[in-house]
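Please open the model in your viewer, with selection by residue number ready, and follow the stops below in order.

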Amino acid sequence: MAIIHNDVHPHLNYFLCLESDIFGLSRWIEFSPDNESVYSIELARLLMTAASEADVLAKGLCRIIEATRNASSINVYQSVLCEAFPTLPDSLVEIPRFGMEFRPWSNWREPDSPPNWWTGNNKVKHHRAEHFKQANLKNVLNASAGLLVLLILYHRSQGNTHFPLLDLFRPRSFASQDGHSFYIVIPDGANVPWE
């Protein structure tokens with residue numbers, strides 16, 4: 001009996017592992033407004049994991065969209081990605097199981113405005129002793145939602161039109177449910193080379 005191997009992009013598997021870890025956390029921390037400020041070493045690990053992967057995908061998307069521009073910081077990512085996807089600041093992700101909605105890129109409505117979770121991650125990464133409280137549930141969930149939005153856009157840039165259903169997160173922007181997967185939808189007005 002033969003085994004057939006198809007390509008599975010490592011960014012997708014990375015997100016699925018992150019999502020699984022976050023889902024497991026819900027057994028110990030109730031995902032409620034009262035607990036958004038809860039912080040811990042595990043939340044610090046998840047925050048840095050999600051934000052680091054968002055950095056990798058943002059840089060990769062920028063390279064695909066505008067190869068001549070040296071996109072190596074959040075403000076350049078914002079410029080390139082918002083020009084390519086004007087609706088990105090309004091992108092929505094949900095966790096229906098807990099009745100939660102996220103607009104992880106909403107800070108990008110203003111120029112040179114990194115997301116709060118991005119700033120929180122940098123404070124935890126570089127000045128943990130002073131800013132450990134930034135490794136909180138709110139930043140972890142928003143960073144993961146922001147990562148999902150970038151992952152969907154990156155997935156589409158690689159020629160994929162469908163994205164698998166997830167256990168916890170549900171994208172409500174750039175994707176619509178199509179049976180047992182999400183169909184990736186790039187809105188009118190987007191300025192990307194793969195459409």
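Which residues have the most contacts inside the largest nonpolar core? In this predicted model, select Leu 81, Phe 85 and Phe 169, which have the most contacts inside that core of 63 residues. Then colour the elements that give two or more residues to the core, namely α1 (10-25), α2 (41-65), α3, β1, β2 (100-102), α4, α6 and β6 (181-184); of these, α6 gives the most, with 13 residues.

Stay with Phe 169 and display its surroundings: leaving aside neighbours within four places in sequence, Phe 169 is in contact with Phe 15, Glu 19, Ile 22, Val 93, Glu 94, Ile 95, Leu 141, Ser 144, Ala 145 and Leu 148.

Next, select helix α4 (residues 116-126) together with helix α6 (residues 137-157), whose axes come within 9 Å and cross at roughly 115°, in a crossing that is left-handed. Where they meet, Asn 116, Trp 117 and Gly 120 of α4 lie in contact with Asn 139, Asn 142, Ala 143 and Gly 146 of α6, and the residues of this contact comprise two nonpolar, five polar and no charged.

Finally, move to Ser 91, in the loop between α3 (74-84) and β1 (93-95). Is Ser 91 buried or exposed? Ser 91 counts as buried because its relative accessibility is 1%, and buried means under 20%. Its side chain reaches the backbone oxygen of Leu 88 at 2.8 Å, while, not counting residues up to four places away in sequence, Ser 91 touches Phe 102, Arg 103, Pro 104, Trp 105, Val 149, Ser 173 and Phe 174.

How values were computed. Residues are numbered from 1 along each chain as its sequence is written. This is a predicted model: local features need pLDDT of at least 70, side-chain atom pairs count only at pLDDT 80 or more; totals for chains, interfaces and linings use all residues. Side-chain values use heavy atoms; hydrogens and water are left out. Axes are lines fitted to C-alpha atoms, for helices over the stretch in contact, and angles run from 0 to 180 degrees between N-to-C directions. Helices (H or I, at least four residues) and strands (E, at least two) are DSSP runs, numbered from the N terminus. A crossing is left-handed if the near helix is turned anticlockwise from the far one by less than a right angle, and right-handed if clockwise. Contact means heavy atoms within 4.5 Å. Ala, Val, Leu, Ile, Met, Phe, Trp, Tyr, Cys and Pro count as nonpolar, Asp, Glu, Lys and Arg as charged, and the others, Gly among them, as polar. Buried means under 20% relative accessible area, exposed over 50%, partly exposed in between (1.4 Å probe, protein chains only). A polar contact is a pair of N or O atoms within 3.5 Å; within protein, one must be able to donate a hydrogen and the other to accept it, and residues adjacent in sequence count only if both atoms are side-chain atoms. A nonpolar core is a set of buried Ala, Val, Leu, Ile, Met, Phe, Trp, Tyr and Cys residues joined through side-chain atoms within 4.5 Å.
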